[in-house]
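Visitor: Hi, I'm new to this one. Could you walk me through it?

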Amino acid sequence: MFTELNSILNTSPDSFTQGDFILVSGRQSDASFLIHHFLSFYLRARCKVCFLGLVQSFSHYSAVCQRLGVSLAQAKEKRQLVFLEGLQEGLSVFIPQDDTTGNKALSFLSRDPMVGLQNLYEFVRSSVSSPGGGEEGSDGSEQWGPPVLLVDDLSVLLSLGVSARAVLDFSHYCRASLCSQLQGNVVMLLHCEEEEEEDDGDDEGSERLLKGLIHQCCLALHVQGLPTGYCRDIHGQVEVCWRRRQGDGQHTQNKVFQYKVHDKGASFFARGTSSAVL
Amino acid sequence: MAAPVNSVVNSSAKCSSFNATSFQKKTRSRLISIPGTRPSVQNGQLLVSTGVTSLDYLLGGGLAVGTVLLIEEDRYDSYSRMILKYFLAEGVVCRHELFVASAQHTPDDILQELPSPILDDVAIHKPVEQPRLSHEPQDSLDAMKIAWRYQNLPKVQTALASSSRFGHYYDVSKMMEAEIREAAKCHRFYLPEHPTQSSPTHSPMLESYSALLKSLRDVIQREGFEVTAPMSKSRNILRIGLHSLGSTLWGDDLCCHDNPRHGHALTTFLYGLRALLRSSLSVAVVTVPSHLIQNRALMGRITRLCDNAIALESFKGSEREANPLYKDYHGLLHVRQVPHLNCLASQLPDHKDLAFKLKRKQFSIEPHFYSTDVFFLTSHMSFTLKQVLV
């Protein structure tokens with residue numbers, strides 16, 4: 001996890017607000033480094049994590065988290081982490097093998113994807129409420145904290161033909177069950193493409209999905225490239241928007257930071273204070 | 001790295017077989033030595049050469065095994081097809097297996113046009129010798145008499161040349177000899193030979209793409225390219241070349257309409273292709289006629305589903321052909337995406353303005369600087385000022 005980002009968001013693995021729905025969006029810029037931050041953050045905070053890794057293979061996430069100091073394989077063995085490898089599950093749906101019944105989570109790929117993501121939601125629901133989360137383990141299994149759902153990333157679902165409305169329904173169900181009922185957190189990553197104009201009456205589009213998710217979330221991190229173009233020392237800017245009032249009643253404003261991604265983390269700094277400039 | 005890699009690798013190998021992908025960090029004890037590959041100096045991934053050494057340099061040393069390179073075709077599909085042929089020719093020289101799929105030309109047509117490699121001996125039965133660094137220079141240069149200590153150093157070139165020894169050079173004026181070509185094992189997929197059956201599922205993928213995906217999966221399983229295959233036999237790399245995906249000959253209407261009915265066919269196929277590649281020792285080059293695709297958001301999604309992406313823009317037929325700024329080059333090359341696999345940060349190329357030139361013995365990609373003589377002597381002064389200030 002990135003310590004500078006923790007201080008910006010005023011959180012730490014020991015104390016973080018529960019019941020949060022965090023949206024990470026990237027426009028023309030890859031925001032997946034933030035997903036790695038949240039994954040390592042919640043694993044360190046001893047939460048029960050359900051991670052939908054739809055974009056890359058398990059070993060990619062494992063290798064990156066290793067650099068951040070967290071072992072995904074060990075977390076999986078201790079049943080702290082439930083990992084859905086989207087690539088393998090999707091392939092088994094595209095080319096069904098004869099003898100595997102497999103995971104039904106991505107079964108929407110074989111039927112019309114417009115139908116919806118119920119099976120995916122059922123998978124999430126069953127993985128966070130399995131024994132070990134908040135119950136006394138009879139066989140000595142460890143007790144984990146509140147459940148957390150991480151999704152990387154929603155735009156892949158749009159690429160696979162799911163409508164924006166179905167994804168909004170899915171996020172709403174996840175928020176209702178995980179944030180409100182179980183007092184856990186949800187972090188979702190969405191990548192927006194630049195679109196020229198909105199098609200009227202057309203339900204697909206990442207812009208529509210982004211607006212719907214911004215309305216649902218309570219913390220949004222928008223990652224963009226620099227408005228002046230490509231720079232080697234500053235990889236982009238992050239806009240942090242809080243949408244609810246903080247506990248002490250103050251209404252925090254949006255803050256903009258610039259960032260640079262290193263091998264083992266990312267550094268955040270105020271605009272114009274990059275170490276390359278000063 | 002503070003934590004040792006071995007423990008992670010061992011525990012993940014114990015966990016279950018479906019965790020194994022081709023991106024496990026290759027530690028010394030598990031080094032798989034496959035001809036024509038080398039580990040990356042940045043993150044230890046297994047790399048193969050694309051056949052174009054300057055493109056290898058752009059991609060960070062080579063194409064990582066298990067990834068897809070997307071080439072956005074130039075308008076007449078001349079240079080993108082050339083790069084595809086370089087890629088397949090490199091596979092023949094390195095004795096990898098090939099898989100060629102096309103809807104327009106038969107795969108044999110593409111294979112017969114492969115350029116001939118410039119090597120002393122490319123014998124079929126002997127192992128291929130890597131070419132030495134001091135191969136013949138392109139212009140005749142006498143042996144140095146005074147500065148003889150500098151004889152064996154590489155020449156200073158503005159072309160981006162990697163100092164690897166695993167790329168080869170090709171002569172595009174000659175075709176590869178049939179006996180060299182036929183020594184390589186090649187799998188073919190020609191779309192008209194696979195009549196499409198209407199499938200009962202309403203999957204967003206078209207029948208043509210799902211037939212291609214099934215054929216790929218069958219070849220990978222049958223020939224033992226999966227990472228989880230038993231290590232008893234010697235391993236090899238499968239090079240996959242997919243020509244002009246997304247064009248109407250594949251049954252796709254991406255290039256015809258702004259709001260295509262099969263808008264998700266190609267992206268779904270690329271997702272399945274990525275899943276296949278991550279779990280096997282193969283590498284794919286896909287060319288897409290992006291100049292026909294009007295929907296930029298869709299093109300962005302296609303780019304994001306591939307790991308590497310470059311776009312070629314040739315000057316042929318455009319007004320830039322007569323522009324004195326570009327007289328040394330055949331076109332511009334844009335790097336749309338570089339991968340960041342197993343690490344947080346990606347290695348973007350240093351220069352963003354790149355131009356390419358197809359010479360007889362080399363496909364060179366160079367950063368494109370506006371030279372001062374053009375700047376002062378051309379009559380289009382305001383035009384060049386605008387270009388420089390960009």
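This is a predicted model: local features need pLDDT of at least 70, side-chain atom pairs count only at pLDDT 80 or more; totals for chains, interfaces and linings use all residues.

Visitor: Okay, chain A. How many helices and strands does chain A come to?

Guide: Chain A comes to 9 helices and 9 strands. It has 278 residues, and 56% of them count as buried.

Visitor: And what share of the contacts in chain A comes from residues 24 or more positions apart?

Guide: That share is 69%, taken over the contacts in chain A with a separation of 6 or more.

Visitor: What do the strands form in chain A, and in what order?

Guide: In chain A, 9 strands form an open sheet, and the order across it is 3-2-4-5-1-6-7-8-9. The pairing is mixed.

Visitor: Which ones are the edge strands?

Guide: Strand 3 (81-85) and strand 9 (266-270) of chain A, each of which pairs on one side only.

Visitor: Let's pick one strand. How many residues of strand 4 of chain A are buried?

Guide: 6 of its 6 residues are buried, so to speak a mostly covered strand.

Visitor: Which residues point which way there?

Guide: Pro147(A), Leu149(A) and Val151(A) point one way from strand 4 of chain A, while Val148(A), Leu150(A) and Asp152(A) point the other way. All of these are buried.

Visitor: Got it. How does strand 4 of chain A join strand 2 of chain A?

Guide: Strand 2 (residues 48-53) and strand 4 (residues 147-152) of chain A run parallel and are joined by 6 bridges. Lys48(A) has Pro147(A) as its bridge partner, and Gly53(A) has Asp152(A).

Visitor: And how many bridges join strand 4 to strand 5 of chain A?

Guide: There are 4 bridges between strand 4 and strand 5 of chain A, and these two run parallel as well. One pair of bridge partners is Leu150(A) and Val187(A), the latter in strand 5 of chain A.

Visitor: What lies across strand 2 and strand 3 of chain A?

Guide: Helix 5 (residues 86-94) of chain A does, running at about 45 degrees to strand 3 of chain A. Helix 8 (residues 164-181) of chain A packs on the sheet too, touching strand 1 (21-27), strand 2, strand 4 and strand 5 (185-192) of chain A. The direction of that helix makes about 160 degrees with that of strand 5 of chain A.

Visitor: Switching to chain B. How many helices and strands are there in chain B?

Guide: Chain B has 10 helices and 14 strands. Of its 390 residues, 53% are buried.

Visitor: What order do the strands take in the open sheet of chain B?

Guide: The order is 8-5-9-10-4-11-12-13-14, which takes in 9 strands with mixed pairing. The edge strands are strand 8 and strand 14 (363-367) of chain B, each pairing on one side only. From one strand to the next, the twist averages 20 degrees.

Visitor: Tell me about strand 8 of chain B. How many of its residues are buried?

Guide: Strand 8 (residues 186-190) of chain B is mostly covered, with 4 of its 5 residues buried. It runs parallel to strand 5 (residues 97-102) of chain B, and 5 bridges join the two. Ser102(B) has Tyr190(B) as its bridge partner.

Visitor: And strands 9 and 10 of chain B, in which sense do they pair?

Guide: Strand 9 (residues 238-242) and strand 10 (residues 282-288) of chain B pair in the parallel sense over 5 bridges. Gly241(B) stands opposite Val285(B) there. Helix 7 of chain B packs on the sheet, touching strand 4, strand 9 and strand 10 of chain B.

Visitor: How many residues of helix 7 of chain B are buried?

Guide: 14 of its 14 residues are buried. Helix 7 (residues 265-278) of chain B reaches 20 Å from its first C-alpha to its last.

Visitor: How do the axes of helix 7 and helix 8 of chain B cross?

Guide: They come within 9 Å and cross at roughly 5 degrees. That makes the two helices of chain B roughly parallel. Among the residues making the contact are Leu266(B) and Tyr271(B) of helix 7 and Ile302(B) and Leu305(B) of helix 8 of chain B. The contact residues divide into 5 nonpolar, 1 polar and 3 charged.

Note on methods
Residues are numbered from 1 along each chain as its sequence is written. Chains are lettered from A and ligands numbered from 1 in the order in which they are written. Side-chain values use heavy atoms; hydrogens and water are left out. The expected span of a helix is 1.5 Å times one less than its number of residues. Buried means under 20% relative accessible area, exposed over 50%, partly exposed in between (1.4 Å probe, protein chains only). Axes are lines fitted to C-alpha atoms, for helices over the stretch in contact, and angles run from 0 to 180 degrees between N-to-C directions. Angles under 35 degrees count as roughly parallel, over 145 as roughly antiparallel, 65 to 115 as roughly perpendicular and the rest as oblique. Contact means heavy atoms within 4.5 Å. Ala, Val, Leu, Ile, Met, Phe, Trp, Tyr, Cys and Pro count as nonpolar, Asp, Glu, Lys and Arg as charged, and the others, Gly among them, as polar. Two strands pair if DSSP finds at least two bridges between them.
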